[in-house]
Amino acid sequence: MTKSAYRNNLFLTGVVLVLLFFLQFVLPDYHVLMGTRMMVLAVFALGFNALLGYVGLLSLGHAMFFAAGLYGAGLTVYHFGWSLPAAFGFAVLASALLALVIGAVVLRTIRVSFMIVTLMFAQVAYLMVLYFAEWTNGQEGLSLPLSARAVHLFGATLDLSSAITRYNLAFGLLALCLMLLFAYLASARGRVATAIRDNEGRTEMLGFNVFAGKLEMFVLSGAMSGAAGAAYALLFGYIGSTFASFQYSIEALLFTLLGGAGTLLGPLLGVLLMVAMIDKLSELTSAYLLVIGVVLIVVILWFPKGILGTIRERWAPWLL
Amino acid sequence: MHRDSKTFLALSRRNILKTAGGAAALLASPAILRPGFAQSGTIKLGAPIHRTGIGASYGRWYERTATAAVKVVNEMGGINGRQVELIVEDDGTDPKRGTEVIEKFASQYKVDAVFGHLFSNVVAAAAPRAGELKMPYFICSEASLLGAGKLNRYTFQPGITDVRSQVTSMAPWIGDTLGKKVTMIYPDYNFGHDHRDFFTAAIKAQGGEVVGKIAVPPTETSFTRYFPQIPPSTEVIYHVMVGPAVLTFVKELGDYLGSQRPEIFGFIDSLEGVDFATPQLGFLEGSYFWEAYPRYAQANQSEFDKFFREKVGVDANGASVKDGKDISTYSHMFSIWETLFVMKQAMELSNYKGEAQKKDLVTAMESISTLAESREHPQGAKLFNGKTHQVFGSQNISKVEGGKLKVVHRTSIEDGLYDTDADYTKMAL
């Protein structure tokens, strides 16, 4: 990346983050809540995009990692009464470890096989959530106790039932993940990842360990998705099997395709548009998913590389 | 591949303008502006309805019933002189979306109360958020969560009895009339587990036993492989299924059992919204069903039932008056009607004028104890327990005769009462 491209991307990311931060002061209550949810889901989409956009691996099972974080955090709080920061840390580690183990297996496959194997693993995870209903309460899920609605950190207490607290925590997580990805992609390791995406054979010929590069990104992607799941559980106080279902893997894919796979801010834009569309269209018609399907087809036809992907192609080639 | 501005995927300024125009038109639609248009001086009630998802067949009729009830209330002069405004949102029968909708009602529409949630998995997820948001939340779910002390001070179930009460009141009749060795087939989530646990205890108290427990995952679409698990010693098959595959379930059960069948006792949930005249359901002739509220108008039909059917648009067979094949979820949907009238009663008791009085509304609800059979409560008289926030009423056991359901036994309210330590009045408001 050239210095000017680096500077432009850093500036754009910074402006977006500043805007997101100040939105909490102008948005009405409900939109603050929606914004919080969107930012958490954007972290999930960022994790998904890290794999699809920068290494070119299309996973159909990322709900598994989201759910690993969700249940990793939620169950430790619910059953063992862990503090929220400990539960969050554990959930991210557990998701990363799960991604390491699953990645070591699924990365031996490519293209359609990779999609099918990730989908199958995710189905196993979903059915496990239902099977161990004594712990997870199956489909009905669990609501975290009132004692888990506050974070005690360095002598301060954060009330998670406060919309503004939640917004800022979600914002902090999103900012952290964006900066982490930015730093990673701007580094030599990031260039190896994109080289794998663009020409795997040539990258291998140049002496890079392609498998290790893919696995590294798979773990980063799984950990990020898990962090989103953990944040969702702790901020909103509910864990349920819906989050482990196939639909959730597809949602991450749609967020990313809409915003632009392989663009840093694309997943965030995709989440903003998609969640807002679902919310508003559901007021109009019960066939809102049908309408969203049509909108997606139209968007894919007009913006085949997603919104930011198309903008990069036509006007801003420096976009990361 | 070289692409220029003439390719069909190219973005011309005109296309961009069209896209932006379309998006702007969508964003300016009444749906976006609806909260801003909400009328002032009205009582705003949010109804999260299962318009889509596994509960859609119920949701359709719950919405019609709620709309009819609101119309009746407004014709009666509203509540405390204010007209009632009903705001409906689809929750997809999804716990996650159900919770989001509660938040939307609280923070965007700023409703006075929320009512109508049915599926227990959605209720279990949404109730804690309602409590956290201090939003009076009236459920119609039959879930035994309130009596178990699992919910909160802001959650009430004043329109329909819970599963525990239902099975407790009917077990003696089942044991005495049908048999004491029972095999249960139920959905494998908490609603089904409530049936399993409470009925097992109730039939045991009658000297009977559950000889087989067959849990079916809620997403199942074919059931034949489960039926061989029915033990040969079974005297009564007890079934309760929900969701879009219920008809398949009952048909496959009939195919499996053939002519030599044990007694069958089903919860109407297994055939709610389904026409009894459907081919292949003939084997149900002579079997029994639980009904909270009899689908077919009975010989001793009350004037209140006539009124309810007329207002909701349901004929004597439980079908829509506009389409005889559109079968209602009659045995359950009365609960959203009755719930609205209990809310009205509590709002009048507390002279409720606006959201600043939500706490008064909660305490007024807790002071209610008896609900007389009336147009407001057409299913029958009820007792409301202000401590557990749960209502108790009569149950009906109906027999299939000539393709219709005829009530053969009606329990008393007292049959369904049970002891519990739950007391929400001790929770902070």
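The model is predicted, so local features need pLDDT of at least 70 and side-chain atom pairs count only at pLDDT 80 or more, while totals for chains, interfaces and linings use all residues. Residues are numbered from 1 along each chain as its sequence is written, and chains are lettered from A and ligands numbered from 1 in the order in which they are written.

Start inside. A nonpolar core is a set of buried Ala, Val, Leu, Ile, Met, Phe, Trp, Tyr and Cys residues joined through C-beta atoms within 7 Å. Buried means that 20 or more other C-beta atoms, placed from the backbone, lie within 10 Å of a residue's own. The largest such core has 210 residues. Val43(A), Ala67(A) and Ala231(A) have the most contacts inside it. Helix α2 (residues 29-54) of chain A gives the largest share, 16 residues. Helices here are DSSP runs (H or I, at least four residues), numbered from the N terminus.

Now take Val43(A). Its contacts (C-beta atoms, placed from the backbone, within 7 Å) include Leu173(A), Cys177(A), Met224(A) and Ala231(A), not counting residues up to four places away in sequence.

Move to helix α14 (residues 306-314) of chain A. Gly306(A), Ile307(A), Leu308(A) and Gly309(A) are buried there. The buried residues of α14(A) pack against α11 (246-259) and α12 (266-284) of chain A.

Finally, look where the chains meet. Chain A brings 26 residues to the contact, and chain B brings 30. On the side of chain A, α2, α12, α13 (288-302) and α14 each supply at least two residues. The largest share, four residues, comes from α12(A).

Terms used
Buried ≥ 20, exposed ≤ 12 C-beta atoms within 10 Å, placed from the backbone. Contact = placed C-beta atoms within 7 Å.
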